[in-house]
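Have a look at it first.

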Amino acid sequence: MGVSGLDVAIVGAGHNGLVAAGYLARGGLSVEAFERREIVGGACVTEELWPGVSGSPAAYTLSLLRSEIVRELELHRHGLHVEVHDPYLFAPFPDGRRVVTWSQPERTYAQLAEDWSRADADAYLSWARGREAAAARARPLMLDPPDRERWLEAIGEQLLDGAIADELAAIPSEPVRVPFTLQGLIGTLAGPGDPGTSFVGFYHDLGEAAGAPAAWGFVRGGMGAATRALRSAAEASGARVRVSAPVERVRVDDGRATGVVLEGGEEVEARAVISNADPLRTAALAGVEAPPGWRQQGPVVKVMVLLDGLPDFPAWPGEQAWRGAIDIGYTLEELDRAAQDARAGRPAEAPWIEAASQTSVDPTLAPEGRHVLSMFCQCFPPDADAEDAADAAIARFALACPGLPDRIVDRLALGPRELEARFGITGGHIFHGEMLPGQVLEDRIDRRAFGGVERLYLGGSGAHPGGAVTGAPGYLAASAVMEDLR
Ligand SMILES: Cc1cc2nc3c(=O)[nH]c(=O)nc-3n(C[C@H](O)[C@H](O)[C@H](O)COP(=O)(O)OP(=O)(O)OC[C@H]3O[C@@H](n4cnc5c(N)ncnc54)[C@H](O)[C@@H]3O)c2cc1C
């Protein structure tokens, strides 16, 4: 006989499941989260990847975790410490040129004026100011149910539905546009001219790492320190979190969720069930049809590389180049072609990469002299061979950093299939479903009555507002449960 009579059972203890658990427990409900892995966090974890060397094999940088959640759950008291990374990004080019941006637009302005031209810097600043004004209006909407009219009013049609290529067209030098363009393609198989890519880029500006608008930062101890803090906060409020406890199915009686059944047969009764799993997995667990047309085939191969030192980039020798995001895209045409390749079922010949080496600023992750390079590589088809993809990505990175291959000690390559096996995300999609038109705002999966099952809530990234480490879908699912159970 297992636990009986919970108010809420949560399938999965990814960051969203933990946010939901924290809010429900604070609301006085009895809640338990059941996680299949031996650690909490889902795609927001730190793992020991080599003896004595840890890294974040899925998400690697934090911005979007809602500041309301950080404050209300008192995550700092539970060990969360985020430091803004500067540079914001560094995009080296094979010919030795570079784009460097900082968390403060004025500093980026000065940098672009020096490295490129006054015209590039002016166009950048006018774009960045417009984006930040829109982001300031949109941030409060992130914890509200989807409402296209309000978003439209806050950010306008270009940012909501437009193509990133159009949004950036006023910046004269193409290489300057490349790293900003790439942000609009994350988690998609779209090209820069495709509708909705502006929104993907804009979404990444809706955070405020350490209180700095639109900045991104490293969590001290890696991304798992964020989910450990969420777990600790939830447990301090009375939630229970059980690891190594895979849910075999959601119990459904007369069209209503009544609990979960764990692998091994333990039955857990609950008045409501929140699924933190992706929409396809949730459908399978509840025995209902998958949401029609839902697209969650992952285009990403994540490569974690162990290095015995940080080589120089000819475009920016020294360690500072390694301290933020490193974007390898080179040309807009190549970004477009990479997506075309993957859409045709071929691994991109010239994948684009966003890399980061947190060990360059965080000594807690690896012994001195060792570094971990995290390479987020796009665009690949679902059956991509991860090792081949890693070879292609490293070769591409080496065009701007010829010293890299000689510093590689070992690597771990995770393609869509490996991401699925490790993190439990069907298809390995980083956002539980791409965030293009038809899958955003009201068109994302409704958090209530998943698959028509009453009292089954979707509280993972497949629900509004979507993917990345935001905590928002978990917060919104918990709010819906509290409204409905009262
Ligand atoms: C390679 C990669 C890089 C990324 N980079 C970033 C980044 O730098 N910054 C950022 O903000 N976002 C990033 N993302 C996206 C972000 O990590 C995810 O969108 C987010 O972590 C998803 O959180 P979630 O809580 O919705 O779901 P998940 O993290 O997927 O959590 C779901 C949980 O449910 C569990 N589960 C599934 N099925 C069952 C079952 N049957 N029984 C019990 N438990 C189950 C899973 O094990 C998992 O723990 C990245 C993602 C990936 C994969």
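Which helices and strands each supply at least two residues of the shell around the ligand? They are α1 (15-26), α10 (279-286), β13 (300-307) and α14 (416-423). Here helices are DSSP runs of H or I with at least four residues, strands are runs of E with at least two, and both are numbered from the N terminus. Of these, α1 gives the most, with three residues.

Before going further, a word on what you're looking at. This is a predicted model, so to speak of local features we need pLDDT of at least 70, and side-chain atom pairs count only at pLDDT 80 or more, while totals for chains, interfaces and linings use all residues. Residues are numbered from 1 along each chain as its sequence is written.

Back to the ligand. It is surrounded by 41 residues, and the closest are G12, G14, N16, G42 and A59; a residue is near the ligand if its C-beta atom, placed from the backbone, lies within 6 Å of it. Sorted by class, the shell has 23 nonpolar, 13 polar and five charged residues. In that sorting, Ala, Val, Leu, Ile, Met, Phe, Trp, Tyr, Cys and Pro are nonpolar, Asp, Glu, Lys and Arg are charged, and the others, Gly among them, are polar.

Six of its eight residues are buried, so α10 is largely enclosed by the rest of the structure. "Buried" takes 20 or more other C-beta atoms within 10 Å of the residue's own, "exposed" 12 or fewer, and "partly exposed" is in between, with C-beta atoms placed from the backbone. The buried ones in α10 are P279, R281, T282, A283, L285 and A286, and their cover includes β1 (6-11), β10 (247-253), β12 (267-275) and β18 (456-458). After α10 comes G287, with a positive phi near 70 degrees.

Helix α7 (residues 174-183) is another such case: eight of its 10 residues are buried, so α7 too is largely enclosed by the rest of the structure. R177 and T181 are among those buried residues.

What about the nonpolar core, meaning a set of buried Ala, Val, Leu, Ile, Met, Phe, Trp, Tyr and Cys residues joined through C-beta atoms within 7 Å? The largest one has 174 residues, and V8, A21, L24, A226 and V301 have the most contacts inside it. Helix α12 (residues 386-400) brings the largest share of this core, eight residues. Leaving out residues up to four places away in sequence, A226 touches H15, C44, L62, L65, L80, V219 and V469; a contact means C-beta atoms, placed from the backbone, within 7 Å.

A cis peptide bond joins D86 and P87, with omega about 10 degrees, and P87 is in the loop between β5 (82-84) and β6 (89-92). Another cis bond joins H464 and P465, with omega about 0 degrees. Y330 isn't a glycine, yet its phi is positive, about 70 degrees; Y330 is buried, with 20 other C-beta atoms within 10 Å. R455 also has a positive phi without being a glycine, at about 65 degrees, and R455 lies in the loop between α14 and β18.

Zooming out, the protein has 15 helices and 18 strands, and 59% of its 486 residues count as buried.

Technical notes
A nonpolar core is a set of buried Ala, Val, Leu, Ile, Met, Phe, Trp, Tyr and Cys residues joined through C-beta atoms within 7 Å. Two residues are in contact if their C-beta atoms, placed from the backbone, lie within 7 Å.
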